[in-house]
Amino acid sequence: MSLTVLTSAYRLRSICRLQRIQGHMMSSQVEPGVLLEKVGSAGVITINRPKVLNALNLPMIRQIYPQLKIWENDNETDIVIIRGAGGKAFCAGGDIRAVTEAGKVGDPLAEDFFREEYILNNAIGTCRKPYIALIEGITMGGGVGLSVHGRFRVATEKTLFAMPETAIGLFPDVGGGHFLPRLRGKLGLFLALTGFRLKGRDVQRAGVATHFVESKKIPELEKELVDLKSPSAEDVSRVLDSYQSQSSLDSEKPFVLDKHMSDIDRLFSSSSVEGIVQNLKAEGSEFANKQAETLSRMSPTSLKITYKQLEAGATLSLQDVLVMEYRLSQACMRGCDFYEGVRAVLVDKDQNPKWKPSTLEEVSEQAVEQCFSSLGDKDLTF
């Protein structure tokens, strides 16, 4: 069989698969992916795909963004609350399987998803009304983008936070380049490169959440928030502070990374990813060895992109970070590690990606720089 026929057959299979996924995305709208309600003086967004851990897709983004802008400019709406349905997840991330299928066949979804998601992230970050994210359950990737840039983020003992993108050949996007380098010391870089998971109260201790409230108190908290009359951000803050003070669960336990923070700050203070790996190997402690082993499994290209992304993002506005990240997203769509990472982790689930290049040393500075290059008239604009 000729290469042309094989290529055509592969494209046809990918197109058929993409059509099936898009068909599923549309058919799932029978049970709406997002519920948008006005409750009292609050606009309430409920991410409503519990069977897929509330994964965020393009139709959902296209519902949330215009409604958020309406509520922001509506005198009858004082606050915005976003929550996840089902109890297991706030939002476990973007629907990246659909995005990779689109990227394989040049479908515009591969551009539209990232562009519109980042525009929504910016709208959350600039929202003039108090924006309260109840991040109960799994909150990763795209779910972090729906919450972390808002004024208030409430974690519970069920919250599980991570930015695990380097394991799938991507990078911690949705504004990760803005919030991660602003966490204390080298914590953000550590979380970005390793995908380390934070749970419960530790999500607030790290600075990702602003408050910690016990899960059983969340319904009562929601009711109190929607019943507030013309609240200011300070009024909302007082209510959240009050619920936090009543939540003593796990308060006696130290932050999970407490005893490692000085090591993280020292070992992750290097001018390159290779330097960080060398520091970890030279350290030789159980903790350092575990992190070195974790980094050895990640996409070398992703690690280098992520390092540079956070280094640049530390001094940029959220908008400028999102412009940079859109360029990076499209570089990942042009490369091969994103497709291979999604295959290994989410599709075949063999957890054995074959990265190209396979070592940090083989990823040139020039290749990394190219990922940050302007897209000209295709650059993200707001």
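Start with helix α13, residues 286-297, which gives seven residues to the lining of the largest pocket, the largest share from any element. Before going further, some ground rules: this is a predicted model, where local features need pLDDT of at least 70 and side-chain atom pairs count only at pLDDT 80 or more, while totals for chains, interfaces and linings use all residues. Residues are numbered from 1 along each chain as its sequence is written, and side-chain values use heavy atoms, with hydrogens and water left out. Helices here are DSSP runs of H or I with at least four residues, strands are runs of E with at least two, and both are numbered from the N terminus.

Back to that pocket. A pocket is an open set of points on a 1 Å grid over the protein atoms alone, with protein on both sides within 12 Å along at least five of seven lines; a cavity, by contrast, is a set of points where a 1.4 Å probe fits but cannot get out, and lining residues have an atom within 4 Å of a point. Points are joined across faces, edges and corners, and the volume is the space filled by probe spheres set on them. The largest pocket holds about 1500 Å³ of space. It is lined by 50 residues, and Met 140, Pro 164, Arg 197, Val 345 and Leu 346 sit closest to its centre. Besides α13, the elements that supply at least two lining residues each are α1 (3-27), α3 (96-104), α4 (109-126), β6 (138-140) and α16 (337-347). Sorted by class, the lining has 24 nonpolar, 13 polar and 13 charged residues (Ala, Val, Leu, Ile, Met, Phe, Trp, Tyr, Cys and Pro are nonpolar; Asp, Glu, Lys and Arg are charged; the others, Gly among them, are polar).

The second largest pocket has a volume of about 320 Å³. Of its 21 lining residues, Thr 301, Ala 331, Gly 335, Ala 367 and Cys 371 lie nearest the centre. Two or more residues come from each of α14 (300-313), α15 (318-334), α16 and α17 (365-371), with α17 giving the most, at four.

Now for the sheets. Strands of a sheet pair through backbone hydrogen bonds, either parallel or antiparallel; two strands count as paired here if DSSP finds at least two bridges between them. β1 pairs with β2 (residues 42-47) in the antiparallel sense over six bridges, and Val 39 stands opposite Ala 42 in β2. There is also an open sheet of four strands, ordered β4-β6-β8-β9, again with mixed pairing. Here β4 (89-91) and β9 (198-199) are the edge strands, pairing on one side only. β4 and β6 run parallel over two bridges, and Ala 89 has Ile 138 of β6 as its bridge partner.

What about charge pairs? Side chains of opposite charge can pair when their charged atoms come close. Taking a salt bridge as a side-chain nitrogen of Lys or Arg within 4 Å of a carboxyl oxygen of Asp or Glu, the count comes to 24. Lys 38 and Asp 74 make one of them, with the closest N and O atoms 3.9 Å apart. Lys 38 is in strand β1 (residues 34-39) and Asp 74 in the loop between α2 (58-72) and β3 (79-84), so this bridge ties together parts 36 residues apart in sequence. Lys 38 is partly exposed at 40% relative accessible area, as is Asp 74 at 22% (buried means under 20%, exposed over 50%, partly exposed in between, with a 1.4 Å probe and protein chains only).

Asp 379 and Arg 327 meet at 2.7 Å, N to O. Asp 379 is in the segment after α17 and Arg 327 in helix α15, so the pair connects parts 52 residues apart in sequence. With 13% relative accessibility, Asp 379 counts as buried. Elsewhere, salt bridges with shared partners join Glu 111, Asp 112, Arg 115 and Lys 378 into one network.
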